[in-house]
Amino acid sequence: MTRALVLGAGIGGLSAAARLAHAGYDVQVHERLPRPGGRGNVIQRDGFRIDTGPSILLMRDIVEATFADVGADPADYVTIRRLDPAYKVFFADGARMEARVEREALKAELDQIEPGAGARFDDFAAIGDKLYRGAREHFVERNFRSLREMFGISNLPQFVSLRVYEPMHKLVGRHFKDPRLRQLFTFNAMYIGMNPFTAPAIYALLPYNDTVEGVHFTDGGMYGLVEGLVRLCRDLGVDVVCDHPATGVIQRGGRAAGLHFDDGDLEADLTLVNADWPWAQRRLLGREPRHPLGKKLRYGPSALNFYFGVRGDLGDLRAHNVVFGDDYEGNFSDVFAGRVHERPSYYVHVPTLADPSLAPDGHHIAYVLVPHSNSDAPIDWEHERDRVRDYVLTDLAAKGVDLRDRIVLEEVIDPPRWADEFSLDRGATFGLSHSVSQVGYLRPHNKDPHLRDLYYVGSSTHPGAGVPMVMLSARLVTERIVDEHPPARLGETVRA
Ligand SMILES: Cc1cc2nc3c(=O)[nH]c(=O)nc-3n(C[C@H](O)[C@H](O)[C@H](O)COP(=O)(O)OP(=O)(O)OC[C@H]3O[C@@H](n4cnc5c(N)ncnc54)[C@H](O)[C@@H]3O)c2cc1C
């Protein structure tokens, strides 16, 4: 059989491993960390089980397809539920609202903030629907093998109809006048590490996704999905080996011939790298990461994450909560310019409201994510961690959720830790930026330009960051591998 080695058991690597095994390859996954999941890891201590990274699950159909496409019933591996409200929002002036999924309930919430906004939401959703379907069909769910495929005559009209030329905040501003609703419908750009003030309007598909398709939750938290993927891989005969870091890619005769490890080399017919793409270029291939057209690469931001195990309840927080600071635009300018922001917006996830089994009886989890500059910024992170922790806990207390005397477990991951422990170049939690100059054919390709038999899957490759996107990346790279490197059946000669 054709042997495929996958380097990294992130959600992208596991999804690709399952697809490759189903397609007939002999697959092994080698992971550096003690547990699979990559950024989607878990802190398990004192009866708490806390996700480290992704928490908002969008595009359920893509998640389910990862299982269904390999002949499995998704329900046998993961339980997915839609949350309503998708999230609760706390504005800086004290106003609060819920992003309801039920349309009439959402419209009523919007009308309370800006009379008439509810009726205008229908138009906004219709545009979001067009952007969402168009982006998936023309830019996201396909491999780009040449510049012409992306910018050719058949694809060019899509750049106009998908509003690649217009900033997202302008599109939102035409529908909603109240600055609070403008925040509500633009902050979602941060899901892929984009500044809402520079992101192109095509990313208005994200607030559409939240409020129309809905935010989903997997039982067991996001790690429940990782466990489902690991089980799927094992059921398909994939070996998932943890605590086994690769030290490099074997480069021989113009091709990748497998992986180097401290305890010996493993040869393979093809090698698929799931480790963060720029990190892998530097550390595993000994090259500077390069944009496909030689331009300067742009990195996304990072996050300062606090994980609290808390005794007692968490007031009227919902499973997902967005808390806006009082200088929304200044906040993002600072994040993207590598500066500290005094009163940042943040996000609080309380997964125990959706699945109480994630904490001991009478306890909850508060996962706090504060968008932040990446680890390249000249910031004293130790001081910043303490400062932001105090700010968030004091701010939450002012909103009626005082955790300060009830924290029984605490952990923090700052940008340097995202970089070092999770092998992310510059600690950029969402990988390379998704600016127009770094998407589609202009994002690092899923096939190496210099070495044959070397492929990539994950956030910094096409189509981009986020759980559903790396699952799509797995589908696209598998299609490419099957096309270029069809699996030999048992007994056939693999390589001439
Ligand atoms: C704080 C945070 C919040 C997020 N929130 C969301 C969200 O709400 N919703 C959403 O959809 N997405 C979210 N994301 C993004 C999402 O988590 C990622 O896009 C996705 O999980 C990335 O998966 P991946 O497979 O590309 O990479 P990774 O998860 O980075 O996996 C790569 C794997 O390669 C391994 N590796 C690296 N080097 C080696 C080596 N030398 N040898 C062996 N293995 C190696 C790493 O240890 C890692 O396990 C969030 C991310 C973070 C960090």
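The model is predicted: local features need pLDDT of at least 70, side-chain atom pairs count only at pLDDT 80 or more, and totals for chains, interfaces and linings use all residues. Residues are numbered from 1 along each chain as its sequence is written, and side-chain values use heavy atoms, with hydrogens and water left out.

Sheet first. Three strands form an open sheet, order S10-S11-S12, with antiparallel pairing. Strands here are DSSP E runs of at least two residues, helices are H or I runs of at least four, and both are numbered from the N terminus. Pairing takes at least two DSSP bridges between two strands. S10 (246-252) and S12 (264-267) are the edge strands, each with a single partner, so one side of each has no neighbour in the sheet. Between S11 (residues 255-261) and S12 there are 4 bridges. One pairs His-260 with Asp-265 of S12.

Next, helix H11, residues 277-285. Buried means under 20% relative accessible area, with a 1.4 Å probe and protein chains only. Among them are Trp-277, Trp-279 and Leu-284. The cover includes S1 (3-7), S10 and helix H14 (415-422); contact means heavy atoms within 4.5 Å. Just after H11, Gly-286 has a positive phi of about 65 degrees.

Last, the buried helix's record in brief: Pro-278, Ala-280, Gln-281 and Leu-285 are also among its buried residues. Strands S13 (270-273) and S19 (454-456) are also part of the cover.

Notes
Buried means under 20% relative accessible area, exposed over 50%, partly exposed in between (1.4 Å probe, protein chains only).
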